[in-house]
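Have a look at the structure first, then read on.

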Amino acid sequence: MQLNQAQPFPYNFELKSTALVIIDMQRDFIEPGGFGETLGNDVSLLQAIVPACQAVLEAWRGVGGLVVHTREAHRADLADCPPAKRNRGNPSLRIGDMGAMGRILIAGEPGNQFIAALAPLPGEIVIDKPGKGAFYATPLHELLQQEGITHLLFMGVTTEVCVQTSMREANDRGYDSLLLEDCTESYFPAFKAAALEMMRAQGAIVGWTAASGQLLPLLQDC
Ligand code: C5J
């Protein structure tokens, strides 16, 4: 398959060696009362991409593609949360503190769950990650290698933090990655625009970008 309008140049991939990776579409970032809002962000920006993500996820499932869901999640005892991460800045709530949806970014808490619209199905890969990147301190690379995956289609939040970090980690591990432009968002629109530019600069130095409207017809024709 070829995404002819991908930037900075056409992106070729095969269904059997491509995974859809959905980064951190969890309540803590997207719903009011979660970690994102306690940091002072407008979560409605992130909510706006949910329908586009749903359309891609349904189409990808429809053609039998491999799906990976990630969550930024720490152990209840915070053993996997470096003090440098927890103590930085001056937020009203820190990782591990009790918020409106349970303890912030702690595995198993209500706020740490995936939003209902994008919940994993049985058999889909779920990665709990203690860092921003999906490969750091997780089995993701090994799982993708076992499945013969060489190409990754990314969606999720936030563009310039966990999505970009994960794409850079994927790049260093040899994957060809493409970010679906309307299926990712930032609390800061200028950061999203800059992140997309950086990824595809210098001949796709990190990867490609394309609109989901280019991908969906290809999947319908499968
Ligand atoms: C952040 C993320 N922004 N998923 N996490 O802390 O991008």
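## Leucine 178 and the cores

Let's start with leucine 178, which touches Leu3, Ala6, Tyr11, Leu152, Leu153, Phe154, Met167, Trp208, Thr209 and Ala210, leaving out residues up to four places away in sequence. Contact here means heavy atoms within 4.5 Å. A bit of housekeeping: this is a predicted model, where local features need pLDDT of at least 70, side-chain atom pairs count only at pLDDT 80 or more, and totals for chains, interfaces and linings use all residues. Residues are numbered from 1 along each chain as its sequence is written, and side-chain values use heavy atoms, with hydrogens and water left out.

The largest nonpolar core has 40 residues, and Met25 and Leu178 touch the most other members. A nonpolar core is a set of buried Ala, Val, Leu, Ile, Met, Phe, Trp, Tyr and Cys residues joined through side-chain atoms within 4.5 Å. Buried means under 20% relative accessible area, exposed over 50%, and partly exposed in between (1.4 Å probe, protein chains only). Two or more residues of this core come from each of strand E3 (18–23), helix H1 (27–30), helix H4 (50–62), strand E8 (151–157), strand E9 (176–185), strand E10 (208–210) and helix H9 (212–220). H4 gives the most, with five residues. Those element names are DSSP runs numbered from the N terminus: helices are H or I with at least four residues, strands are E with at least two. There's also a second, separate core of 23 residues, which includes Ile23, Phe135, Phe154 and Met167. In soluble globular proteins, nonpolar side chains tend to be buried together.

## Around the ligand

Which residues are around the ligand? They are Asp24, Phe29, Glu72, Lys132, Val157, Thr158, Val161 and Cys162, where being near takes one heavy atom within 4 Å.

Now the polar side of things. A ligand nitrogen is 3.0 Å from a side-chain N or O atom of glutamate 72. A ligand oxygen is 2.9 Å from a side-chain N or O atom of lysine 132, and an oxygen of the ligand is 3.2 Å from a polar backbone atom of cysteine 162. On its own the ligand has 230 Å² of accessible area, and the protein covers 90% of that; such areas come from the Shrake-Rupley method with a 1.4 Å probe, and for residues only the protein chains shown count as cover.

## Two lysines worth a look

Is lysine 129 buried or exposed? At 0% relative accessibility, lysine 129 counts as buried. Lysine 129 sits in strand E7 (residues 125–129). Its side chain makes a 2.8 Å polar contact with the side chain of aspartate 24 and reaches the backbone oxygen of lysine 132 at 3.0 Å. (A polar contact is a pair of N or O atoms within 3.5 Å; within protein, one must be able to donate a hydrogen and the other to accept it, and residues adjacent in sequence count only if both atoms are side-chain atoms.)

A salt bridge is a side-chain nitrogen of Lys or Arg within 4 Å of a carboxyl oxygen of Asp or Glu. The side chain of lysine 85 also has a 2.9 Å polar contact with that of histidine 74.

How many salt bridges does a search of the whole structure find? It finds twelve. One of them joins aspartate 128 and arginine 71 at 2.7 Å, N to O. Aspartate 128 lies in E7 and arginine 71 in strand E4 (residues 66–72), so this pair ties together parts that are 57 residues apart in sequence. Arginine 71 counts as buried at 14% relative accessibility, while aspartate 128 is partly exposed at 35%.

The peptide bond from glutamine 7 to proline 8 is cis, with omega near 10°. Another cis peptide bond joins valine 157 and threonine 158, with omega about -15°; threonine 158 is in the loop between E8 and helix H7 (159–172).

Phi of leucine 78 is near 60°, a positive value in a residue other than glycine. Leucine 78 is in the loop between E4 and H5 and is buried, with a relative accessible area of 18%. Leucine 105 also has phi near 60°; leucine 105 is buried at 0%, in the loop between strand E6 (102–103) and E7.
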